[in-house]
Amino acid sequence: MNVQEKNLQFMQIAMKHFPEAKAQLDQAGIELSMELIQPFMSLFTQVMAEAYELGKEDARKELKQE
C-alpha cells in the first residue's frame, strides 16, 4: 500500500468521526468547519502514518519471536 492510499484511508477514518468531534466542539463553544480543519489534516495524516509504522514494526517483532 503506498503513502497516498494510506493517507486516503486515514482521511476516511477522520471523516467518519468528524460529526462526533464537531458536536463536542460545538458543545464547548468552538466553531469548526471544513475550512478551519484543513490545516490540521496534514498533521493528522503524519500522526496516523507514524502510528501505522509503529504498529507495523511491532508486528514484525512479534513474528520474529514466534
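Student: Why does Lys-6 count as buried?

Tutor: One caution to begin with: this is a predicted model. Lys-6 has a relative accessibility of 9%. Buried means under 20%, so Lys-6 counts as buried.

Student: What makes the pair of Glu-53 and Lys-6 a salt bridge?

Tutor: The closest N and O atoms of Glu-53 and Lys-6 are 3.1 Å apart. The cut-off is within 4 Å, so Glu-53 and Lys-6 form a salt bridge. The pair links distant parts of the chain. Glu-53 is in helix H2 and Lys-6 in helix H1, 47 residues apart.

Student: Is Glu-53 buried, exposed or partly exposed, and why?

Tutor: Glu-53 has a relative accessible area of 35%. Buried needs under 20% and exposed needs over 50%. The value for Glu-53 lies in between, so Glu-53 is partly exposed.

Student: How do you know that Glu-53 and Lys-56 meet in a salt bridge?

Tutor: Their side chains come to 3.6 Å, N to O. The rule asks for within 4 Å, so this pair counts too. Both residues lie in helix H2, 3 residues apart, which is about one turn of the helix.

Student: Why is Lys-56 called partly exposed?

Tutor: Its relative accessibility is 32%.

Student: What makes Glu-57 and Arg-60 a salt bridge?

Tutor: The distance is 3.7 Å, N to O. The limit is within 4 Å, so the side chains of Glu-57 and Arg-60 meet in a salt bridge. Glu-57 and Arg-60 are separated by about one helical turn, because they are 3 residues apart in helix H2. Glu-57 is partly exposed at 34%, and Arg-60 is partly exposed at 44%.

Student: Which residues do salt bridges with shared partners join into one network?

Tutor: Lys-6, Glu-53 and Lys-56. By the rule, the count comes to 4 salt bridges.

Student: Why does Phe-40 count as exposed?

Tutor: Phe-40 is found in helix H2. Its relative accessibility is 52%. Exposed means over 50%, so Phe-40 counts as exposed. Together with Leu-43 and Val-47, Phe-40 makes a nonpolar surface patch of about 310 Å².

Student: Is Thr-45 buried or exposed, and why?

Tutor: Thr-45 is found in helix H2. Its relative accessibility is 13%. The cut-off for buried is under 20%, so Thr-45 counts as buried. The C-alpha atoms of Thr-45 and Met-11 are separated by 7.4 Å. Along the chain, Thr-45 and Met-11 are 34 residues apart.

Student: Which residues line the largest pocket?

Tutor: Among them are Met-15, Phe-18, Leu-25, Ile-37 and Phe-44. Phe-40 is one of the lining residues as well. Helix H1 (3-27) and helix H2 (34-65) are the elements that give two or more residues to this lining. H1 gives the most, with 6 residues. The volume of the largest pocket is about 180 Å³.

Student: How do the lining residues of the largest pocket divide into nonpolar, polar and charged?

Tutor: The lining has 10 nonpolar residues, 1 polar and no charged. His-17 is in the lining.

Terms used. Residues are numbered from 1 along each chain as its sequence is written. This is a predicted model: local features need pLDDT of at least 70, side-chain atom pairs count only at pLDDT 80 or more; totals for chains, interfaces and linings use all residues. Side-chain values use heavy atoms; hydrogens and water are left out. On a 1 Å grid over the protein atoms alone, a cavity is a set of points where a 1.4 Å probe fits but cannot get out, and a pocket is an open set with protein on both sides within 12 Å along at least five of seven lines; lining residues have an atom within 4 Å of a point. Grid points are joined across faces, edges and corners, and a volume is the space filled by probe spheres set on the points. Helices (H or I, at least four residues) and strands (E, at least two) are DSSP runs, numbered from the N terminus. Ala, Val, Leu, Ile, Met, Phe, Trp, Tyr, Cys and Pro count as nonpolar, Asp, Glu, Lys and Arg as charged, and the others, Gly among them, as polar. Patches are made of residues with over 30% relative accessible area and no salt bridge: like charges are joined within 9 Å, nonpolar side chains (Val, Leu, Ile, Met, Phe, Trp, Tyr) within 5 Å. Accessible areas come from the Shrake-Rupley method with a 1.4 Å probe; for residues, only the protein chains shown count as cover. Buried means under 20% relative accessible area, exposed over 50%, partly exposed in between (1.4 Å probe, protein chains only).
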